[in-house]
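I set down what I looked up, with each cut-off given once.

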Amino acid sequence: MSGRDLFCQPRRAGRGAALTLLFASVLVAGAATGSFGDPDRRTPPPSARTTPAAHRETVTDAAAEAMADGKSPMEAAERAVSRSGDRWGAVYSQGEYEEFEEALDGQYTGVGLWARRERDGRIEVTRVQSGSPAAAAGIRKGDRLRSVDGEKVDGRPVTEVVSLLRGDADDAAAGTKVSLGLERGTHAWSETLRRARLSTDSVTVHKLPGGVTVIKVAAFTKGVGDAVRTAVEQTPKHAGIVLDLRGNSGGLVTEAVTAASAFLDGGLVATYDVNGAQRSLHADFGGETTRPLVALVDGGTMSAAELLTGALQDRGRAVVVGSRTFGKGSIQMPSRLPDGSVAELTVGHYRTPAGHTVDGRGITPDLEVDAEALERAETVLSGLGDPS
């Protein structure tokens, strides 16, 4: 069994960000980073009102009828999903589906920027990938992104900004140009970059002056679970670890379970239901269970990242620090439509080892902090003591 929860933006940004947790080799798309909407929403998925099978049949029938009438099956399916109230349901073209599968390997076409929307609507660069076109142009973390190809981005959802940077509307390939309007303090300027084929660089490791090791996981793409295990194994014996999952919008569920196995010695990671059938996910034996561990989360921690957080919290393995997570814990399954497009519809939900529902609720940290979260995480680690 495998599971996929990919964080790639759809070509048509108007469809919104579908950020999902998937099992049985199911693909899904969502936002690369940033503001994902209101985590307090409690809209029940279709499975709470109709059976998943009936929901799927409604959508596929709408697509088939449209095709028989010479209309677009994809557009008909989109309307059916919209009417259903399925918060995480979405429809993707065949090309988009293939793109998402490629991105599971940790590859994307872009300029190497991560961004978030501040409370005043400004778009701020939160990370610049080493070796990327953005890094070569001297763009830095903290710079303000004002426009992309002449389109102002203030106040726009980060998912749309990411789509502009990638050139999704034009199916932009590596080598195509994109013009950015930027601001740093009082200095404003423009940069024209060429998009490149980049690796997501999903796991980064650095040590703080006090000896704490920070393992930052940006997304659970292929190989991330083993990368986390390697990082743990290479951490000095008595050093505490901060597992930074802030802004992590999900990834391959199997990779999240492998990452959990780095810190657990077997046991339950999560339970889930698909079409009423109850199933479970378990960690491998042999993980590091004594080293002090803090999981750092925020409102951008989603889906597979929440699954991992819930497991570490419920199993008493980590102290969770930060702000309440997004609350994405439903399961989607794909249905192939007559024109080759794919509808992904909600069929179930997962729960943490203690039986807590994540969808629509999120995970509440053990210590809630907004500012200086990493510093507070260090303080918590110092109070957890030496693992020896």
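I began with aspartate 61, which lies in helix α1 (residues 52-68); helices (H or I, at least four residues) and strands (E, at least two) are DSSP runs, numbered from the N terminus. The model is predicted, so that local features need pLDDT of at least 70 and side-chain atom pairs count only at pLDDT 80 or more, while totals for chains, interfaces and linings use all residues. Residues are numbered from 1 along each chain as its sequence is written, and side-chain values use heavy atoms, without hydrogens and water.

I looked up the exposure of aspartate 61 and found a relative accessible area of 37%, so this residue counts as partly exposed. Buried means under 20% relative accessible area, exposed over 50%, and partly exposed in between (1.4 Å probe, protein chains only). The areas come from the Shrake-Rupley method.

I then noted that Glu57, Asp61, Glu65 and Asp69 form a negative surface patch. Patch residues have over 30% relative accessible area and no salt bridge, with like charges joined within 9 Å and nonpolar side chains (Val, Leu, Ile, Met, Phe, Trp, Tyr) within 5 Å. Asp and Glu count as negative and Lys and Arg as positive; His and the chain ends are not counted. I took the place of a charge as CG of Asp, CD of Glu, NZ of Lys or CZ of Arg.

Next I turned to strand β13 (residues 241-244), from which Ile241 and Leu243 point one way and Val242 and Asp244 the other, all of them buried. In a regular strand the side chains alternate between the two faces of the sheet. Strand β12 (residues 213-217) pairs with β13 in the parallel sense over four bridges, where pairing requires at least two DSSP bridges. I recorded valine 214 opposite valine 242 in β13.

Which residue forms a salt bridge with lysine 216? I found aspartate 244, with the closest N and O atoms 3.7 Å apart. This pair links distant parts of the chain, 28 residues apart, from strand β12 to strand β13. A salt bridge is a side-chain nitrogen of Lys or Arg within 4 Å of a carboxyl oxygen of Asp or Glu. Aspartate 244 is buried at 5% relative accessible area, whereas lysine 216 is partly exposed at 22%.

Aspartate 244 also meets arginine 246 in a salt bridge (2.9 Å, N to O). Arginine 246 is partly exposed, at 27%.

Note on methods:
Areas by Shrake-Rupley, 256 points an atom, 1.4 Å probe, with all protein chains shown as cover.
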